[in-house]
Amino acid sequence: MTEIDVMTTAILSGADTGRRPAIAPDGSPVLDVVIPVYNEENDLEPCIRGLHAHLVEQFPYPFRITVADNASTDGTLRVAERLSREFDAVEVQHLEEKGRGRALRAVWSTSDAPVLAYMDVDLSTDLAALGPLIAPLLSGHSDLAIGSRLARGARVVRGPKREFISRCYNLILRGTLAARFSDAQCGFKAIRADVAERLLPHIQDTGWFFDTELLVLAQKAGLRIHEVPVDWVDDPDSSVNILATATADLKGIARLTKATITGRIPISGLREQLGRAPIQVQAPGVAPSLVRQLVRFAAVGVASTVAYLVLFLLLRTFTGAQAANLVALLVTAIGNTALNRRLTFGIRGREGAGLHQFQGLIVFGLGLALTSGALALLHTITAPGLALEITALVLANLAATVLRFLLLRGWVFRRRPATEMEN
């Protein structure tokens with residue numbers, strides 16, 4: 001299948017992916033490729049000519065190439081303006097300040113294309129990867145796409161120093177920001193414009209950390225990031241200051257970590273606006289992701305049990321066992337229902353939350369009956385100490401937990417078919 005076939009198939013097959021296919025009005029560009037440049041008068045012309053020729057031959061829809069000049073002090077702007085006069089599809093934006101992130105924000109914020117991309121002027125990445133990069137965005141299958149030099153299947157030529165730095169940086173991202181993408185800094189990325197519109201206002205960095213910040217926010221917002229293994233050859237004449245960039249990146253990681261913890265960035269709001277909904281199962285009687293639900297339910301259950309025991313012990317110091325059990329179980333049941341609703345069964349937003357809590361309280365009542373019955377039976381048989389009371393409660397709670405999962409999954413949070421919901 002040729003690259004043209006891939007693009008056409010991507011557009012035509014996007015109806016059921018969760019995002020609408022990226023289609024622009026007649027004559028408007030479907031794709032806007034940004035080339036950020038600073039003092040690149042020698043590399044700019046061969047880059048634009050090569051990219052333009054590739055898109056004319058391989059991309060079956062209108063496109064635009066935008067040269068974003070970052071306050072160049074050499075002849076870069078003159079070269080860019082001459083190329084824009086020669087090619088109708090080439091435009092130029094001049095910025096008075098430096099910064100790759102600043103350039104991308106400026107162009108992406110004003111572009112009318114539904115798919116936005118950028119690549120480095122040295123064309124270190126083979127242009128054959130451009131089609132696979134943007135096809136899933138055109139179809140609606142994915143929200144962002146990145147070229148990866150670290151993904152399986154990538155072919156990379158570069159020195160050991162930069163290889164080591166790149167891998168260490170991505171390990172740091174995984175350890176500090178729980179990043180699941182493999183390569184944050186490869187200068188070969190694309191994003192849907194509707195997604196960029198929501199994410200860009202929350203991105204603070206204007207330099208090289210812009211890419212990382214964009215990807216972390218996208219991941220936390222529940223967006224789908226598509227990775228393309230690339231053929232990449234290092235540019236030995238690159239003007240990037242590795243030490244300064246690494247220092248700025250570490251500061252960016254610290255700032256972003258703080259912003260997500262303190263809530264300065266509204267992650268939950270972005271997830272509600274942009275996150276992909278759970279898959280709706282069509283096969284009757286088949287429920288989704290049982291193993292994942294069990295794992296998450298177990299984690300919530302452990303946290304609830306610990307909270308329950310702490311509350312019970314605190315209350316037991318000045319009240320009876322039955323009263324302490326009632327209050328501790330009621331408080332943790334409300335939290336348990338809320339956490340399972342969001343984390344285990346993937347239901348977000350306020351719609352139906354009141355009904356879910358009401359049904360959860362019914363499930364709580366059954367759990368209360370089990371634990372209270374266990375306590376009553378224990379006190380009927382003997383005069384137990386605190387240790388024996390706790391043992392009985394833990395065992396009763398285990399039985400209640402199994403019952404709770406079955407009722408939450410099969411009744412409270414059951415996915416109802418659309419026809420049933422409409423009746």
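**Note on aromatic pairs and a helix contact**

1. In this predicted model, Trp108 has a relative accessibility of 5% and therefore counts as buried, the limit for that class being under 20%. Phe210, at 1% relative accessibility, likewise counts as buried.

2. The structure holds 6 aromatic pairs. In one of them, the ring centres of Trp108 and Phe210 lie 6.3 Å apart and the ring planes meet at 55°, so the pair is classed as tilted. Together with Tyr118, Trp108 and Phe210 make up one aromatic cluster.

3. Two charged side chains deserve a separate remark. Lys98 lies over the face of Tyr38, at 4.2 Å from the ring centre, and Arg149 lies over the face of Trp232, at 4.8 Å from the ring centre.

4. Helix H11 (residues 290–316) packs with helix H14 (residues 386–412) at an angle of about 145°, their axes being 10 Å apart, and the crossing of H11 and H14 is right-handed. On the H11 side the contact includes Leu290, Phe297, Tyr308, Phe312 and Arg316, while the residues of H14 that take part include Leu386, Glu389, Leu393, Asn397, Arg404 and Phe405. Divided by residue class, the contact of H11 with H14 comprises 13 nonpolar, 3 polar and 4 charged residues.

Methods
Residues numbered from 1 in each chain as written. Predicted model: local features only at pLDDT ≥ 70, side-chain atom pairs only at ≥ 80, totals over all residues. Heavy atoms only, no water. Phe/Tyr/Trp six-rings, centres within 6.5 Å; stacked < 30°, edge-to-face > 60°. Buried < 20%, exposed > 50% of the residue type's maximum accessible area, 1.4 Å probe, protein only. Lys NZ or Arg CZ within 6 Å of the ring centre and 35° of its normal. Axes fitted to C-alpha atoms, helices over the stretch in contact; angles between N-to-C directions. Helix = DSSP H or I, 4+ residues; strand = E, 2+ residues; numbered from the N terminus. Left-handed = near helix turned anticlockwise from the far one by under 90°. Contact = heavy atoms within 4.5 Å. Nonpolar A, V, L, I, M, F, W, Y, C, P; charged D, E, K, R; others polar.
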